[in-house]
Amino acid sequence: MTDKKSILLIIGGGIAAYKCLELIRRLKEHNISVTPVLTKAGAEFVTPLSLATLAETQVHTDLFDLKNETEIGHIQLSRQADFVVVAPATADLMAKMANGLANDLASTLLLATDKDVLVAPAMNVRMWDHPATQRNIATLRQDGVLFVGPDDGDMACGETGPGRLSEPDQIVQAIQAVLHVKKGPLSGKSVLITAGPTHEPIDPVRYIANRSSGKQGYALAEMAASLGADVTLVSGPTKLSPPAGVRYIGIETAREMRDATLANLPADIAICAAAVADWRVKKSAGQKMKKSKDGLPVLDLAENPDILATLSDLKDNRPHLLIGFAAETETVIEHAKKKLKKKGCDWIVANDVSTEGNVFGNDETSIHIITKDSVESFEKVTKSEAAQHVLLKAAETLK
Ligand code: C5P
């Protein structure tokens, strides 16, 4: 087939490396060819022979392999594939990537590539939780690296928690999402989503925030990717893992969210699902504020930028379809219609939060999709179903 895709698969040194043999088989079944690159540590867990047999091609292991430098060269190797996948990605490999080290073939290829990179981490739970690893992950996400996993569960080392390599099927799905080989109603469309709360610092340890869990925004991002879209998720702090194959940008404040959103235009569809804090402290304190007998501190507030309204007002780069969310407790549709006008967006998805108790953090919701001339209601749906209704309607509209 002419549209056969190819990936460069970098295999790090961890017990989970055995799963990459199955991964190669699955990818071949999906018409994706694999060029394996094995690190020195990876070769302690799987052999070049097994990889070469399954991939039906040569396995690359050594930066200073002269034959390859004349015939292929590491620059070309890093660029000839459609996409680079690191599985398993060890803490060490991610640390090298985050810091731009290039002292072996794998890290050199990762620094030299001009292609998207998907990382499937696998490591002991303590190594995953370590601040150094978390710092590296944040850097990599900032650099645009995509992630799938890790999964939560029992580990080969006997401990339990996050750190298990995602199953081959999950990794294949994430790869398909990025390569857009799985055609969906949003194939070829870019979708930009804001999600979660924002944190507005009062001092280095305190902040203004709200109860948003981010679940609806993350469900939208996951659904958009599975419908074939190229997805960027700009999110405030949440407890959720970013969906696989989605470009993720983590921010804290409303102003950072606005900047990241504007920096990721143009987009065919933008969905503002974030619960942006309305106010920030004008000047947050440099040091932790102390209690004083002389009285209470006064927080001098400033209004935060309205990201949805900012996107709506853009002259050149306005997303083709701009969707806002609104949580309402009374006369939901009437209030949402007013919000549609005020914000200048194309649709408002209104949540009825009056009867359900607290929609924040719940998996279920009731939504009304309000456009200039229609209202469609979906009662008691999961946030994933709500996302599907919104996105299928969006796909239909942009056809
Ligand atoms: O908070 P409010 O009801 O105004 O939110 C309505 C919509 O506006 C939501 O889509 C929310 O993401 C967006 N919004 C925003 N920036 C703000 C406040 C709200 O993008 N500062």
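What share of the 399 residues in the chain is buried? In this predicted model, buried residues make up 44% of the chain. The chain holds 14 helices and 19 strands. Its radius of gyration is 23 Å, close to the 21 Å that the globule rule gives for 399 residues, so the chain is as compact as a globular protein of that length. Along the principal axes, the C-alpha atoms fill a box of roughly 70 × 60 × 40 Å.

The domain assignment divides the chain in two. Domain 1 covers residues 5–179, and domain 2 covers residues 190–398. Their C-alpha centres lie 33 Å apart. The two domains touch: 12 residues from domain 1 and 9 residues from domain 2 take part in the contact. On the side of domain 1 that touches domain 2, at least two residues come from each of α8 (131–142), β5 (146–147) and α9 (168–179). Helix α9 supplies the largest share of that side, with 5 residues. By class, this side of domain 1 has 8 nonpolar residues, 3 polar residues and 1 charged residue.

In general, strands of a sheet pair through backbone hydrogen bonds, and the pairing is either parallel or antiparallel.

Within this sheet, β4 pairs with both β3 and β5. Strand β3 (residues 83–89) runs parallel to β4, and the two are joined over 4 bridges. Here valine 84 has valine 117 of β4 as its bridge partner. The pairing of β4 with β5 is also in the parallel sense, over 2 bridges. In that pair, leucine 118 stands opposite leucine 146 in β5.

How many of the 5 residues of strand β4 (residues 117–121) are buried? The count is 5 of the 5, so β4 is largely enclosed by the rest of the structure. Both faces of the strand are covered. Val117, Val119 and Pro121 are buried on one side, and Leu118 and Ala120 are buried on the other.

Which residues come nearest to the ligand? Of the 16 residues around the ligand, these are Cys272, Val276, Ile307, Leu308 and Gly324. Three elements, α12 (307–313), β16 (321–328) and α13 (332–343), each supply at least two residues of the shell. Strand β16 gives the most, with 3 residues. The residues of the shell divide into 10 nonpolar, 3 polar and 3 charged.

Terms used:
Residues are numbered from 1 along each chain as its sequence is written. This is a predicted model: local features need pLDDT of at least 70, side-chain atom pairs count only at pLDDT 80 or more; totals for chains, interfaces and linings use all residues. Domain bounds come from an automatic or database domain assignment. Two residues are in contact if their C-beta atoms, placed from the backbone, lie within 7 Å. Ala, Val, Leu, Ile, Met, Phe, Trp, Tyr, Cys and Pro count as nonpolar, Asp, Glu, Lys and Arg as charged, and the others, Gly among them, as polar. A residue is buried if 20 or more other C-beta atoms lie within 10 Å of its own, exposed if 12 or fewer, and partly exposed in between; C-beta atoms are placed from the backbone. Two strands pair if DSSP finds at least two bridges between them. A residue is near a molecule or strand if its C-beta atom, placed from the backbone, lies within 6 Å of it. The radius of gyration is taken over C-alpha atoms; the globule rule is 2.2 Å times the number of residues to the power 0.38.
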